[in-house]
Amino acid sequence: MELTAYQIFAPLVSFVAISYAWNLVYRQKKTVWEAFLWTVFWGAIAYIALEPGSIDFLTRATGIKDRENAVMVTFLGILFFLVFYIIIRLEELEQRQTKIIRKVALRDAELKENPKSEIRNPKG
């Protein structure tokens, strides 16, 4: 089997991307779950680059005859799922932010009404 430039380049890029993701986990900038998903994605890219015939199962599973179309449909589905996941996370963050702002506003309002409580509890 003769390797093409893509079959050499794609796994190298995948390895760099996976290493970077786990480095971010090590530095506590990303979660293990995010690094795991990143590893699965880039691992699949490297595997497909090395074994292009491995995506034939997608053609059978989706019923789409062309490999390229089966891959596109599958990845579009995955992308829609990821967008949905990001929207859910954004909504959770907005709810957390609203709770924090309410607590701070109530605390500030309490301090304005009762300035003596600031003297008793200077740390807030």
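## A partly exposed tryptophan

Let's start with Trp38, which has a relative accessible area of 38% and so counts as partly exposed. Keep in mind that you are looking at a predicted model.

Where does Trp42 sit relative to Trp38? Both belong to helix H2, four residues apart, which means that about one helical turn separates them.

## A stacked pair in the helix

The protein has three aromatic pairs in total. One of them joins Trp33 and Phe36, with 6.0 Å from centre to centre and 25 degrees between the planes. That angle makes the pair stacked, because the cut-off for stacking is under 30 degrees.

Helix H2 covers residues 32-50, and within it Trp33 and Phe36 are three residues apart, so about one helical turn lies between them. How accessible is Trp33, as a relative area? The value for Trp33 is 49%, which makes this residue partly exposed. Phe36 is partly exposed as well, at 42%.

## How confident is the prediction?

For the protein, the mean pLDDT is 84, and 91% of the residues reach 70 or more. Among the elements, helix H1 (residues 5-26) has the highest mean pLDDT, 91. The lowest mean belongs to helix H5 (residues 116-120), at 56.

Notes:
Residues are numbered from 1 along each chain as its sequence is written. This is a predicted model: local features need pLDDT of at least 70, side-chain atom pairs count only at pLDDT 80 or more; totals for chains, interfaces and linings use all residues. Side-chain values use heavy atoms; hydrogens and water are left out. pLDDT is the predictor's confidence in each residue, from 0 to 100. Helices (H or I, at least four residues) and strands (E, at least two) are DSSP runs, numbered from the N terminus. Rings of Phe, Tyr and Trp (its six-membered ring) pair if their centres lie within 6.5 Å; planes under 30 degrees apart count as stacked, over 60 as edge-to-face and the rest as tilted. Buried means under 20% relative accessible area, exposed over 50%, partly exposed in between (1.4 Å probe, protein chains only).
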